[in-house]
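User: Hello! I am new to this structure and would like to get to know it step by step. Could you show it to me first?

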Amino acid sequence: VDYLMGVYQRRESLRELMFARGAGVHVQAKQHRNLSEHKLKARLADMQTLFRRQKPLLPEQVDAALALLVEMADRTLGMRPFPVQAMCALALDSGYLAEMRTGEGKSLTATLAGVLAGWTGRPCHILTTNEYLAGRDATGFSEFYEACGVSVGAVIGQMEERQRQSIYRAD
């Protein structure tokens with residue numbers, strides 16, 4: 001019982017920590033609004049290199065990378081992630097589950113976390129409830145993924161084995 005009570009009590013402090021980090025990411029992202037396209041892409045490439053080489057990463061490094069991703073999402077997709085979306089992306093990147101309601105931007109949140117995972121070289125599969133969403137998100141977010149240096153693909157039921165293997169090699 002003591003163990004379960006401890007888990008329950010720590011849960012709230014983790015939520016507060018992630019919310020504070022998500023708000024911090026949002027503030028950092030505002031500082032990147034004046035960067036040129038070239039400088040933003042150069043910083044993203046530097047972050048990608050850092051994620052590939054350094055393990056484990058410090059929370060400040062992950063937050064800085066996510067702030068750059070927020071700005072790139074705004075520029076390429078016309079969608080600026082909210083602090084709660086950054087919070088959930090941080091939670092996913094940390095290995096936690098994040099629950100979001102309908103319309104809160106689960107696709108964009110998963111995309112942010114997917115880029116962070118793709119940079120590290122960890123296998124990353126974003127699962128959806130149906131094939132339509134998988135194809136829509138892979139195509140709709142492709143410009144963002146490409147700008148971040150990450151390859152993407154969608155596996156659907158009617159694919160041949162050769163096509164599936166090719167897509168499984170994507171980031």
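Analyst: Happy to! Contact here means heavy atoms within 4.5 Å. This is a predicted model, in which local features need pLDDT of at least 70, side-chain atom pairs count only at pLDDT 80 or more, and totals for chains, interfaces and linings use all residues. Residues are numbered from 1 along each chain as its sequence is written, and side-chain values use heavy atoms, with hydrogens and water left out.

User: Which residues does leucine 69 touch, not counting residues up to four places away in sequence?

Analyst: Leucine 69 belongs to helix α3; helices are DSSP runs (H or I, at least four residues), numbered from the N terminus. With residues up to four places away in sequence set aside, its partners are Leu44, Leu112, Val115, Leu116, Trp119, Phe144 and Cys148.

User: Is leucine 69 buried or exposed?

Analyst: Buried means under 20% relative accessible area and exposed over 50%, with partly exposed in between (1.4 Å probe, protein chains only). Leucine 69 has 0% relative accessibility, so the residue counts as buried.

User: Are α2 and α3 parallel, antiparallel, perpendicular or oblique to each other?

Analyst: Axes are lines fitted to C-alpha atoms, for helices over the stretch in contact, and angles run from 0 to 180 degrees between N-to-C directions. The axes of α2 (residues 37-53) and α3 (residues 59-77) come within 10 Å and cross at roughly 140°. Angles under 35 degrees count as roughly parallel, over 145 as roughly antiparallel, 65 to 115 as roughly perpendicular and the rest as oblique. The two helices α2 and α3 are therefore oblique.

User: What about aspartate 63: is this residue buried or exposed?

Analyst: Aspartate 63 also sits in helix α3. Apart from residues up to four places away in sequence, aspartate 63 touches Arg21, Val25, Gln28 and Leu90. Its relative accessible area is 10%, so aspartate 63 is buried.
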